[in-house]
Amino acid sequence: MSFVHKSVWVQFLITVFIAYFYGSEFAHLYSTEQLSDDNFTSLLFSTAIQLVILNIAVHTIVAVLSNKDEVEQERDERDILISLKGGNIAYNMLSTWVVFVLVSLWATSLENARYYFDTLSGEFNVLNILLVGFLVAEILRFSYQLFYYQKGV
């Protein structure tokens with residue numbers, strides 16, 4: 001398994017963990033009626049910090065445990081093709097999600113319409129929807145890349 005393949009695995013697992021953490025913390029805030037702009041902001045910061053720290057730490061560990069030749073090996077055509085295929089599906093999903101966000105923004109401008117979470121301001125509702133779409137797109141991207149690595153494209 002090449003270092004790039006290991007890196008995709010690491011990014012996939014970290015993204016799934018971050019999505020789980022974000023979703024469970026958001027659900028906890030909502031179910032305990034503590035969901036507010038301030039609590040949501042601190043959830044965003046803690047999620048971002050975890051994402052950065054986990055990526056740096058785990059990639060460092062994988063690089064240290066990998067063979068030196070694997071780490072120094074550049075991406076070949078196969079890695080680039082797999083990356084492009086994963087990026088393509090993520091782009092399509094994210095584009096569809098943005099259309100969904102735009103339609104929901106339009107729908108909330110109608111009379112008697114409201115956002116999904118009444119305790120959050122409109123901007124934070126939109127940010128939440130966009131963040132969920134980004135996480136889903138990233139999980140899809142890494143899933144497709146792992147599929148193509150296993151398939152042997």
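User: How many cavities of 30 Å³ or more does a search of the whole structure find?
Analyst: The search finds 1 cavity of 30 Å³ or more. A cavity here is a set of points, on a 1 Å grid over the protein atoms alone, where a 1.4 Å probe fits but cannot get out. This is a predicted model, in which local features need pLDDT of at least 70 and side-chain atom pairs count only at pLDDT 80 or more, while totals for chains, interfaces and linings use all residues. Residues are numbered from 1 along each chain as its sequence is written, and side-chain values use heavy atoms, with hydrogens and water left out.

User: How much space lies in the largest cavity, and which residues line it?
Analyst: The largest cavity holds about 40 Å³ of space, a volume being the space filled by probe spheres set on grid points that are joined across faces, edges and corners. Its lining is made of Ser2, Phe3, Val4, Glu70, Gln73, Glu74, Arg75 and Asp79, where a lining residue has an atom within 4 Å of a point.

User: And what about the largest pocket, what volume does it have?
Analyst: The volume of the largest pocket is about 160 Å³, and a pocket is an open set of points with protein on both sides within 12 Å along at least five of seven lines. Among the residues that line this pocket are Val4, Gln11, Arg75, Asp79, Phe142 and Tyr149. The elements that give two or more residues to the lining are H1, helix H4 (77-108) and H5.

User: Changing topic, how many helices and strands does the chain have?
Analyst: The chain has 5 helices and 0 strands, where helices (H or I, at least four residues) and strands (E, at least two) are DSSP runs numbered from the N terminus. The C-alpha atoms fill a box of roughly 60 × 30 × 20 Å, taken along the principal axes. Of the 153 residues in the chain, 30% are buried, and buried means under 20% relative accessible area, with exposed over 50% and partly exposed in between (1.4 Å probe, protein chains only). Among contacts with a separation of 6 or more, 81% come from residues 24 or more positions apart, a contact being heavy atoms within 4.5 Å.

User: How far does H2 reach from its first C-alpha to its last?
Analyst: Helix H2 covers residues 37-65, which is 29 residues, and reaches 42 Å, close to the 42 Å expected at 1.5 Å a residue. The expected span is 1.5 Å times one less than the number of residues.

User: Which residues of H2 are buried, and what do they pack against?
Analyst: The buried residues of H2 are Phe40, Leu43, Leu44, Thr47, His59 and Val62. They pack against helix H1 (3-31) and helix H5 (122-151).

User: Now the rings, how many aromatic pairs does the structure hold?
Analyst: There are 8 aromatic pairs, counted when rings of Phe, Tyr and Trp (its six-membered ring) have centres within 6.5 Å, with planes under 30 degrees apart called stacked, over 60 edge-to-face and the rest tilted. The pair of Trp9 and Phe12 is edge-to-face, because the ring centres are 6.1 Å apart and the planes stand at 80 degrees. Both residues lie in helix H1, 3 residues apart, about one turn of the helix. Trp9 is partly exposed at 31% relative accessibility, whereas Phe12 is buried at 18%.

User: What kind of pair do Phe40 and Phe124 form?
Analyst: That pair is edge-to-face as well, 5.5 Å centre to centre with 75 degrees between the planes. Phe40 lies in helix H2 and Phe124 in helix H5, so the pair ties together parts that are 84 residues apart in sequence. Phe40 is buried, with a relative accessible area of 0%. Ring pairs also link Tyr22, Phe26, Phe40 and Phe124 into a cluster.

User: Last one, where is Glu33, and is it buried or exposed?
Analyst: Glu33 sits in the loop between H1 and H2 and is exposed, because its relative accessibility is 75%. Its phi is near 55 degrees, a positive value in a residue other than glycine.
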